[in-house]
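Have a look at the fold before reading on.

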Amino acid sequence: MLKDIKRKCQGCGKILDRNSLIKITLFDGKLYINPSSKILGRSMYVCADYNCVKTVIKKKRIYSALKFKNFDEILQVEKLLQEMVS
C-alpha cells in the first residue's frame with residue numbers, strides 16, 4: 001500500500017495531498033507548471049484555488065520559494081496560474 005504524500009500550499013499554508021495541488025518546478029533555469037510530477041527539481045505547491053494563487057502572486061512566493069530571479073518567466077507562470085483557476 002502506498003502512503004499518501006502531503007505537501008504544504010504556499011498560499012494558505014494548509015497541508016494537503018500532493019495530487020490536489022498545483023506543482024511549480026524549477027528545472028534547468030526554466031519554470032514548469034507540473035501537475036503530473038514527472039519533472040524533478042526545486043518545487044513549490046499551491047492549491048487550485050483563486051485566493052491561494054492570488055496570495056502566491058501578491059507575496060511573490062514563486063520568487064522566494066524557488067530562489068529564481070527571471071521575472072519575465074515568473075510573470076508568465078503567474079498568468080498561467082490565474083487562467084488555470086479562473
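Predicted model: local features only at pLDDT ≥ 70, side-chain atom pairs only at ≥ 80, totals over all residues.

## The sheet

One of the pairs to look for is leucine 26 with its bridge partner in β4, leucine 31.

Zoom out and you get an open sheet of three strands in the order β4-β3-β5, with antiparallel pairing. β4 (30-33) and β5 (42-47) sit at the edges with a single partner strand each, so one side of each has no neighbour in the sheet. From one strand to the next, the twist averages 20°. Helix α3, residues 71-85, packs on this sheet and touches β3, β4 and β5. The direction of α3 makes about 5° with that of β4.

Back in strand β3, take a look at threonine 25. Its relative accessibility is 0%, so it counts as buried. The threonine 25 side chain has a polar contact of 3.0 Å with the side chain of serine 43. Leaving out residues up to four places away in sequence, threonine 25 touches a run of others, including Lys30, Leu31, Tyr32, Ile39 and Arg42.

Nonpolar side chains tend to be buried together in soluble globular proteins. Here the largest nonpolar core has 22 residues, and those touching the most other members are Ile24, Leu31, Met44, Val46, Ile62, Leu66 and Leu81. At least two residues of this core come from each of β3, β5, α1 (50-58), α2 (61-66) and α3.

Valine 46 is a handy one to click on. Again skipping residues up to four places away in sequence, valine 46 touches Cys9, Gln10, Gly11, Leu21, Ile22, Ile24, Cys52, Val53, Val56 and Leu81.

## Cysteines without bonds

How many disulfides does the count come to? The count comes to zero.

Cysteine 47 is in no disulfide either, and the nearest cysteine sulfur, that of cysteine 9, is 3.4 Å away.

Notes
Residues numbered from 1 in each chain as written. Heavy atoms only, no water. Pairing = 2+ DSSP bridges. Helix = DSSP H or I, 4+ residues; strand = E, 2+ residues; numbered from the N terminus. Axes fitted to C-alpha atoms, helices over the stretch in contact; angles between N-to-C directions. Contact = heavy atoms within 4.5 Å. Core = buried A, V, L, I, M, F, W, Y, C linked by side-chain atoms within 4.5 Å. Buried < 20%, exposed > 50% of the residue type's maximum accessible area, 1.4 Å probe, protein only. Disulfide = S-S within 2.5 Å. Polar contact = N/O pair within 3.5 Å; in protein donor to acceptor, adjacent residues only side chain to side chain.
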